[in-house]
Structures are given as structure tokens and as C-alpha cells.
Amino acid sequence: MKYMLLIYVEENQGLTEAERQKCYQQSTVLAHELHAKQQFVSANPLHPASMATSVRVRDGKRLVTDGPFAETREQLGGYFLIEAKTVEEAIAIAERIPVASRGTIEIRPVMELPDLPT
Amino acid sequence: MKYMLLVYHNETSFAALGETVHAQMLEESIRLAHKVAVPGQYLAAPLQPTSTAACVRVRDGKTLVTDGPYAETHEQLAGYFLIDAGNREEAIAIAARVPGARIGTVEVRPVRDVPGLPTA
């Protein structure tokens, strides 16, 4: 089963650029380990929420606003999309994501549909 | 440039729309996914509802797991598309075509390029 691991972290963490790069390096190592076990589908960090845009369409009209969908204390900073047999396995992967010690990893099972491109 | 499109809607309102509308929206989403697909780079799917979510935090070396999504918000994350677009405007135009944009919100987030990540 695929699981989406959503990485939430406070953006103004006082992480220096060097610390951030170290997090990315460690996450890349994790990604490769998962890849070797055929559990890796995708992973990416995201640019900050200040660079987000929210889009709604109402009555055929496009409404575009700057900023993320919601102002929460922790913001979505990246994700891992993985293959795991059970949610316990997904949890065991989530706890290895470096920033799990600073933020929150939300685990969401993915609905698998046959017609989606892979 | 890669963008993550995060599709949010109110799960209760969505459920009330009924199976026929769900099926239509899904079909439309799949068609859109095929159009904006870049082979090897494209991903999209709906997520199971937030009732199936779990949150993981590691503090002082201990793993803490709680049921439910990270935040209780009026709209919940229902799905995603990872797309390639030339610029922000193009990404916004694609977001506006996501059926979920008509009932909820599609958040467009540019992806940070980190070299060395594996491809699936």
C-alpha cells in the first residue's frame, strides 16, 4: 500500500541553512535506503508556505490568493511517498525522517486507483 | 519546475455530494492527471479520509503516535498532484482545472530542488 508521509515543521525553527542542508542530506540517505528495499516512490521538500498560492473556483470564476491553505503553527515542509505493507511499517519509516524529532509526520493511506498514471 | 498541488475539501460536505458526483470528479481528475503527466515525474492520487490518519513525533528518542490528522481544519487534505510547470501562472492554471478546486481549495507549493534523490 502507498502511504503519504506529510512533514509538518515550524518554519521559523531557527534552523540555519547548514542544518537544513544536513536534514536534506539525511533525508536523501533515507530515501536511498527505502529505494533499495523498493519502498520509495517519491520525496521532496517544499519551498516555504510564504511562496504558496491558494486556488479556488467558484461559479466558474478563479479566485487566487497568496499564502497556504491554512495558517497553522507547523507548516507542510515536504513529503515522502512510500510503499509499506501496514501502517506500523509506515510509522517505522516516518520516525526515521530526520525532522520527525522537531515536527510532526502525518501518515495518510493513499487510495490506489488503476487508471492513474504512475 | 515541479509544483505540489494539495487538494483540500470539507470531508463531510464532500460525502454529501454522493457517489455519482464522486465518480465524475474522480474520472475528471484522472483525465487531468493523464494530460499533465510527465513520464517518470508525475504522481497523483486521492488520500483515504482523515479518520485513517496517524501522526508521528519523535521526542527525546521516543516515538509518539496519535490518531488523526496534524490539524483540525475546516477543509482536509483529500489528494495531491505532483506536476511540472513552466512557472507559477502555469501551475495555477492547472490547479484551477482540478475538480476539487470547485468545492474546496487547491494549494500550489513550489518544490525545492534537492539533488541526489532517487527516482522510483
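**Entry 1: Arg73(A) and its partner**

I looked up Arg73(A) and found a relative accessibility of 60%, so this residue counts as exposed. The model is a predicted one. I then checked what the side chain of Arg73(A) meets, and found a salt bridge with Glu10(A), at 2.9 Å from N to O. Arg73(A) sits in the loop between β4 and β5 of chain A, and Glu10(A) in the loop between β1 and α1 of chain A, so the pair ties together parts that are 63 residues apart in sequence. Glu10(A) has 29% relative accessibility and therefore counts as partly exposed.

**Entry 2: Other salt bridges in chain A**

I searched the whole structure and got 11 salt bridges over all chains. One that I looked up joins the side chains of Lys2(A) and Glu83(A), with 3.4 Å from N to O. Lys2(A) is in strand β1 of chain A and Glu83(A) in strand β5 of chain A, which puts distant parts of the chain, 81 residues apart, in one pair. Is Lys2(A) buried or exposed? I read 18% relative accessibility for Lys2(A), so it counts as buried. Glu83(A), at 26%, counts as partly exposed.

I also noted a salt bridge between Arg108(A) and Glu106(A), at 3.3 Å from N to O. Arg108(A) has 0% relative accessibility and counts as buried. Glu106(A) is buried too by this count, at 3%. I then looked for salt bridges that share partners, and found Lys2(A), Glu83(A) and Glu112(A) joined into one network.

**Entry 3: Strand β5 of chain A**

I went on to β5(A), the strand that holds Glu83(A). Seven of the nine residues of β5(A) are buried, so I wrote the strand down as mostly covered, with under 20% relative accessible area as the cut-off for buried. Which strands pair with β5(A)? I found that β1(A) pairs with β5(A) in the antiparallel sense over eight bridges. In that pairing I looked up Tyr3(A), and its bridge partner in β5(A) is Ile82(A). β2(A) also pairs with β5(A) in the antiparallel sense, over five bridges. Here I picked Pro45(A), whose bridge partner in β5(A) is Gly78(A).

**Entry 4: Where chain A meets chain B**

I counted 60 residues of chain A in contact with 60 residues of chain B. The area buried between the two chains is about 5,400 Å², and carbon and sulfur atoms give 63% of this area. How many salt bridges does the rule find across the interface of chain A and chain B? The rule finds one. Arg88(B) forms it with Asp66(A), and the closest N and O atoms are 3.1 Å apart. I sorted the side of chain A that touches chain B by class and got 34 nonpolar, 13 polar and 13 charged residues.

I found strand pairing between the chains as well: β3(A) and strand β6 of chain B, residues 105-110, pair in the antiparallel sense over three bridges. Val55(A) stands opposite Val106(B) in β6(B).

**Entry 5: Chain B by itself**

I listed three helices and six strands in chain B. Along the sequence they follow the pattern β-α-α-β-β-β-β-α-β. The C-alpha trace of chain B spans about 45 × 45 × 25 Å along its principal axes. Of the 120 residues in chain B, 50% are buried. Last, I took the contacts in chain B between residues at least 6 apart in sequence, and 75% of these join residues at least 24 apart.

Notes
Residues are numbered from 1 along each chain as its sequence is written. Chains are lettered from A and ligands numbered from 1 in the order in which they are written. This is a predicted model: local features need pLDDT of at least 70, side-chain atom pairs count only at pLDDT 80 or more; totals for chains, interfaces and linings use all residues. Side-chain values use heavy atoms; hydrogens and water are left out. Contact means heavy atoms within 4.5 Å. Buried area is the accessible area (1.4 Å probe) that two parts lose on being put together, summed over both. A salt bridge is a side-chain nitrogen of Lys or Arg within 4 Å of a carboxyl oxygen of Asp or Glu. Ala, Val, Leu, Ile, Met, Phe, Trp, Tyr, Cys and Pro count as nonpolar, Asp, Glu, Lys and Arg as charged, and the others, Gly among them, as polar. Two strands pair if DSSP finds at least two bridges between them. Helices (H or I, at least four residues) and strands (E, at least two) are DSSP runs, numbered from the N terminus. Buried means under 20% relative accessible area, exposed over 50%, partly exposed in between (1.4 Å probe, protein chains only).
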